Amino acid sequence: MDANLESILEANPESQPEENPEAEVAAEETAAAENAPEEAEDNTPDEEDVMVTIFDDVSVTDSLGDENPGRGTRISGNVTYGADTAMARLERSFAVHSNEVDSAVAKKLEAKVKFSKHFKQNWMLYAMMLIPVLYYILFRYVPMIGNIIAFRRYRPGSSIFGDEWSGLKYFKMFWKDHSFWRAFRNTLSLNMTYLLFRFPLTLIFALLLNEIRNLHWKKFIQTVSYLPHFISMVIVAGMVRELVSTNGPINHLLEALGRDPVSFIALPEWFTTIFVSSGIWQSLGWGTILYLAAMSNINPTLYEAAEVDGAGHFQRVLHVTLPCILPTITTLLILDIGGLCGSGASFEKIFLLYNPMTYETADIVSTYVFRVGLKSGSYSYATAINLFEGIINLILLSIANFVSKKLTDSGLW
C-alpha cells in the first residue's frame, strides 16, 4: 500500500504537499523563546564600552552597574537604548516638567482665590486702613519732594522747586553757624535726658500695674495715668507756667520754708528739669499700653511653673516677664533712639515754654528752623537743616537696629 502511494506521488509531483517557510520560522521562534531564559545570561555586552546609535546624530546613553545595573553604581559600560526607549524617556521628562508648571500655575491661582475671598470678607478693614495710608502718602511722602530746595535757591512767589542751583551752599552755611550747633546740642541733651528718665520709669510702672490683682483698682490707676496724654499741649504749657511762676504754688511753698521765690521759667538751668518732669507726667501712663499688651500674651503656666520652683514676685518678673516682653522693649528703645535728634514731638511744648532768656538750653533744631525759615524767610537754609536732621536720625536708627540684632536677635528689620 505504501509502495503504491509513493509511486503515485512520484508520478504526480504537483500533488505533493508544499513546504511552508512561515511555519518553519514560527517553529524556530517558539524554540528560541523556550530557550530564552537559558541564553539571557549570555546577552550582556562583553565589551567595556558599547555604543549603539539610535538616530543619525543622536544617541541616548545609560549607565550599567557592575552588579546592579541602572541603580547609580559604578559605571562599567555605556549602553544606548533604542529609539522607542529614548522617546519614552523624553516623554516622561516632558510630562514631569509639565506637571511642575501646572503645579506652579495652580498654586498661583489658589493664592489669588484665597486673597480674593479674604478681601471680600475683610474689605471694611482695608477701607479703614486706606485713610492712614493716604495721610502718610499725602502729608509725609509727597512733601519730601520739597527737599530739593535745600540744593536750590528758593524765592517766595517763584517756582516751588527753586530758581537756581546752589549745590551745598546752605549746608556749608549751617555747618559754620554757632546758633545751629547750639540748637543741635540742646536737642540731643533734652531728648537723651528725657529718654533716660522716661523709658525705665514707663517700664517699671507697667510692671507694677501688671502685678495688681484687683481689676477695678487697676483700671482706675490706668485711667488716671492715661488722662494727661489727652490734654492739649497748650493747656499743659499753661499749667506748667502757672506752677513755676513767681506767684505759683511752688514759690509759695518755698516762701513758707523761708526761701526766696525763684523765676524758674526765666532761668536756663531749670528748663531741662521743667521739660523732663512735665513730659514724664504727661506720657507715663500712655507709654505702658504696649508693655501691658505684651504682658497679656505671656503664658500663665510659665508663672505657675516659676512659683512651683519657689520664685517670688521679683524673680518671676526678672526671669519670666522681662524675657517675654524683650522684643517689645527692644522695638520701643530703637524707635526712641532713632528720634534723639528729632524734635517734632517736642516742638510744641518748647515753643510754648521757652523765651530768649532760655535759648542757651531750650532752643532746639525745630524752633531754630522755625525762626530762620518762617520768620526770616530763609526757606532753602531751613530745609537744608531739616534734611540734615533727618539723615542723622536715620543713621542713629540704623545703628540702634544693628546693635539690637546683634545683642538680642530682635529688631525692626
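Reader: How many aromatic pairs does the structure hold?

Author: This is a predicted model, and it holds 28 aromatic pairs. One of them is formed by Trp181 and Phe388.

Reader: What makes the pair of Trp181 and Phe388 edge-to-face?

Author: Look at the angle. The ring planes stand at 80°, and over 60 degrees counts as edge-to-face. The centres are 6.5 Å apart, and the limit for a pair is within 6.5 Å. So the pair gets that name.

Reader: How do you know that the pair links distant parts of the chain?

Author: Trp181 sits in helix 7 (residues 178-211) and Phe388 in helix 19 (residues 379-408), and 207 residues separate them.

Reader: Why is Trp181 called partly exposed?

Author: Its relative accessible area is 29%. Partly exposed runs between the 20% limit for buried and the 50% limit for exposed, so Trp181 is partly exposed.

Reader: And Phe388, buried or exposed?

Author: Phe388 has a relative accessible area of 15%. Buried means under 20%, so Phe388 is buried.

Reader: Why is the pair of Phe347 and Phe351 called stacked?

Author: Their planes are at 25° and their centres 5.4 Å apart. Planes under 30 degrees apart count as stacked, so this pair is stacked. Phe347 is partly exposed at 24%, and Phe351 is partly exposed at 33%.

Reader: Which residues do ring pairs link into a cluster?

Author: Trp181 and Phe388 turn up again here, linked with Phe151, Trp165, Phe171, Phe174, Trp175, Phe180 and Phe184.

Reader: What makes Asn191 buried?

Author: Asn191, in helix 7, has a relative accessible area of 10%. Leaving aside neighbours within four places in sequence, Asn191 is in contact with Gly339, Leu340, Cys341, Gly342 and Ser346.

Reader: Which helix gives the most to the lining of the second largest pocket?

Author: That's helix 19, with 7 residues. Helix 5 (123-141) and helix 18 (365-375) also give two or more residues to this lining. In total 22 residues line the pocket, and Arg140, Pro143, Met144, Asn147 and Asn386 lie nearest its centre. The space in the second largest pocket comes to about 770 Å³.

Reader: What is the lining of the second largest pocket like by class?

Author: The count is 14 nonpolar, 7 polar and 1 charged residues.

Notes. Residues are numbered from 1 along each chain as its sequence is written. This is a predicted model: local features need pLDDT of at least 70, side-chain atom pairs count only at pLDDT 80 or more; totals for chains, interfaces and linings use all residues. Side-chain values use heavy atoms; hydrogens and water are left out. Rings of Phe, Tyr and Trp (its six-membered ring) pair if their centres lie within 6.5 Å; planes under 30 degrees apart count as stacked, over 60 as edge-to-face and the rest as tilted. Helices (H or I, at least four residues) and strands (E, at least two) are DSSP runs, numbered from the N terminus. Buried means under 20% relative accessible area, exposed over 50%, partly exposed in between (1.4 Å probe, protein chains only). Contact means heavy atoms within 4.5 Å. On a 1 Å grid over the protein atoms alone, a cavity is a set of points where a 1.4 Å probe fits but cannot get out, and a pocket is an open set with protein on both sides within 12 Å along at least five of seven lines; lining residues have an atom within 4 Å of a point. Grid points are joined across faces, edges and corners, and a volume is the space filled by probe spheres set on the points. Ala, Val, Leu, Ile, Met, Phe, Trp, Tyr, Cys and Pro count as nonpolar, Asp, Glu, Lys and Arg as charged, and the others, Gly among them, as polar.
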